[in-house]
Amino acid sequence: MGEQDRELDVAPEWWRWATENLLRGVPERLVSEQLQAAGVSSVQAKELLSAIVGSPIFLAARPFARAARQHEMLARLKQRMASTALDPTGIPRRSGVSAAELRDVYVAGNMPVILTDVVTRWPAFGRWTPAYLAETFGDVAVDVTTGRLSDPDYDMHAARHTESTLLRDFVARIDGARTETNDFYMVANNRVLERTSLGALLNDVVLPDGYCAAQRLLGSSALWLGPAGTVTPLHYDTSNILFGQVYGRKRYRMIAPFETSLFDGARAMYADRDPEQGSMDPVLVKDVVLEPGDALFIPVGWWHHVRALDVSISLGINSFPFHNNFDWYRPSTVA
Ligand SMILES: O=C(O)CCC(=O)C(=O)O
């Protein structure tokens with residue numbers, strides 16, 4: 001064994017540990033001190049560090065690690081600033097927001113807002129009730145999601161739990177639920193507006209000028225109908241959404257995209273954490289209740305967890321008069 005091989009006879013864990021710390025930006029001097037404190041000789045530590053920093057793999061990795069550190073710093077700055085808000089866990093409730101303000105402040109700023117005078121002006125408000133839907137569209141066969149309680153990943157596997165039923169029977173099932181339940185729910189993926197005559201419901205939706213292209217509502221709107229107790233787990237979407245709460249109340253927990261710890265362990269667009277199971281600390285969670293007549297602007301990338309507090313009818317709209325498809329935004333799936 002040559003002199004150099006002998007000097008570099010350092011356990012692989014130390015190679016890894018030292019490389020990781022150097023990529024994290026820890027100065028060589030400190031890494032060397034730690035190695036020596038752990039029993040690595042000063043000669044070995046010196047040789048190890050110069051082997052690492054001279055290696056082509058380290059040189060290739062360093063710019064990526066530097067960019068990751070810069071982005072992490074940016075995310076930390078956003079987290080710190082968000083926590084200085086007077087009401088960091090609330091979402092502003094506003095009326096009279098013009099299309100220009102919605103776009104410049106909330107869309108461009110990627111900030112949620114509750115609009116209190118949008119849904120209240122829809123003919124749908126006050127008209128859409130479970131009884132009205134059953135009376136008007138009772139004979140329509142619709143897809144709904146059922147058997148959710150038997151599958152912990154019920155939302156991710158919505159297609160597996162899809163069943164066809166008459167709308168009248170589905171409403172009767174909702175009416176018959178004596179307690180809160182998450183077992184059955186008509187969700188966006190059921191696409192009943194495009195697939196059935198329920199699309200006519202969109203005649204009852206009239207948005208303020210410039211909010212969205214009215215002729216595009218069909219194909220970019222989703223009806224949500226279910227009992228009290230439905231839960232949509234914590235996830236994000238790849239488009240901005242205007243979520244109109246027409247009937248009943250829903251509780252929304254929302255988390256900004258710069259809370260990057262949520263990417264760890266996420267599957268597809270679903271977080272592996274549940275804001276209803278223990279504290280999310282230090283992640284900042286906005287926690288609001290949508291009343292009937294509220295519209296929540298859900299900015300693209302924001303995590304949201306949704307619980308229906310009552311029997312509920314909602315309409316999600318993602319047709320805006322600007323580009324609204326950010327399918328490339330899938331940070332939780334980066335390998
Ligand atoms: O209302 C719900 O249960 C979920 C709504 C939602 O997650 C969405 O519109 O993206």
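**Chat about a predicted model**

Q: Is Asp9 buried or exposed?
A: Asp9 is exposed, because its relative accessible area is 56%. The cut-offs are under 20% for buried and over 50% for exposed, with partly exposed in between, using a 1.4 Å probe and the protein chains only.

Q: What kind of model is this, and how are residues numbered?
A: This is a predicted model, where local features need pLDDT of at least 70, side-chain atom pairs count only at pLDDT 80 or more, and totals for chains, interfaces and linings use all residues. Residues are numbered from 1 along each chain as its sequence is written, and side-chain values use heavy atoms, with hydrogens and water left out.

Q: OK, where does Asp9 lie?
A: In the loop between helix 1 (3–7) and helix 2 (12–23). Helices (H or I, at least four residues) and strands (E, at least two) are DSSP runs numbered from the N terminus.

Q: Switching to the ligand: which residues are around it?
A: Tyr185, Trp224, Thr232, His235, Asp237, Ile241, Phe243, Lys250, Tyr252, His304 and Val306. To count, a residue needs a heavy atom within 4 Å of the molecule.

Q: Which strands supply at least two residues of that shell each?
A: Strand 6 (231–235), strand 7 (241–247), strand 8 (250–255) and strand 11 (303–308).

Q: And what's the shell like by class?
A: Six nonpolar, three polar and two charged residues. Here Ala, Val, Leu, Ile, Met, Phe, Trp, Tyr, Cys and Pro are nonpolar, Asp, Glu, Lys and Arg are charged, and the others, Gly among them, are polar.

Q: Which polar side-chain atoms lie 3.2 Å or 2.9 Å from a ligand oxygen?
A: One of His235 lies at 3.2 Å, and one of Asp237 lies at 2.9 Å. Thr232 also has a side-chain N or O atom 2.6 Å from an oxygen of the ligand. A polar contact means a pair of N or O atoms within 3.5 Å.

Q: How much of the ligand does the protein bury?
A: 96% of the 300 Å² that the ligand exposes when taken alone. Those areas come from the Shrake-Rupley method with a 1.4 Å probe.

Q: What space does the ligand take?
A: The largest pocket. On a 1 Å grid over the protein atoms alone, a pocket is an open set of points with protein on both sides within 12 Å along at least five of seven lines. A molecule sits in one if more than half of its atoms lie within 2 Å of its grid points.

Q: New topic, backbone: which peptide bond is cis?
A: The one from Asp281 to Pro282, with omega near 5 degrees. Pro282 is in the loop between strand 8 and strand 9 (286–290).

Q: What's phi for Ala268 and Asn110?
A: Ala268 has a positive phi of about 50 degrees without being a glycine, and Asn110 has one near 55 degrees. Most residues other than glycine have a negative phi, and most peptide bonds are trans.

Q: Where are Asn110 and Ala268 found?
A: Asn110 is in the loop between helix 6 (99–107) and strand 2 (113–115). Ala268 is in the loop between strand 8 and strand 9. Asn110 is partly exposed, because its relative accessible area is 23%, and Ala268 is partly exposed at 38%.

Q: Last one: is Asn21 buried or exposed?
A: Asn21, in helix 2, counts as buried because its relative accessibility is 15%.

Technical notes
A polar contact is a pair of N or O atoms within 3.5 Å; within protein, one must be able to donate a hydrogen and the other to accept it, and residues adjacent in sequence count only if both atoms are side-chain atoms. On a 1 Å grid over the protein atoms alone, a cavity is a set of points where a 1.4 Å probe fits but cannot get out, and a pocket is an open set with protein on both sides within 12 Å along at least five of seven lines; lining residues have an atom within 4 Å of a point.
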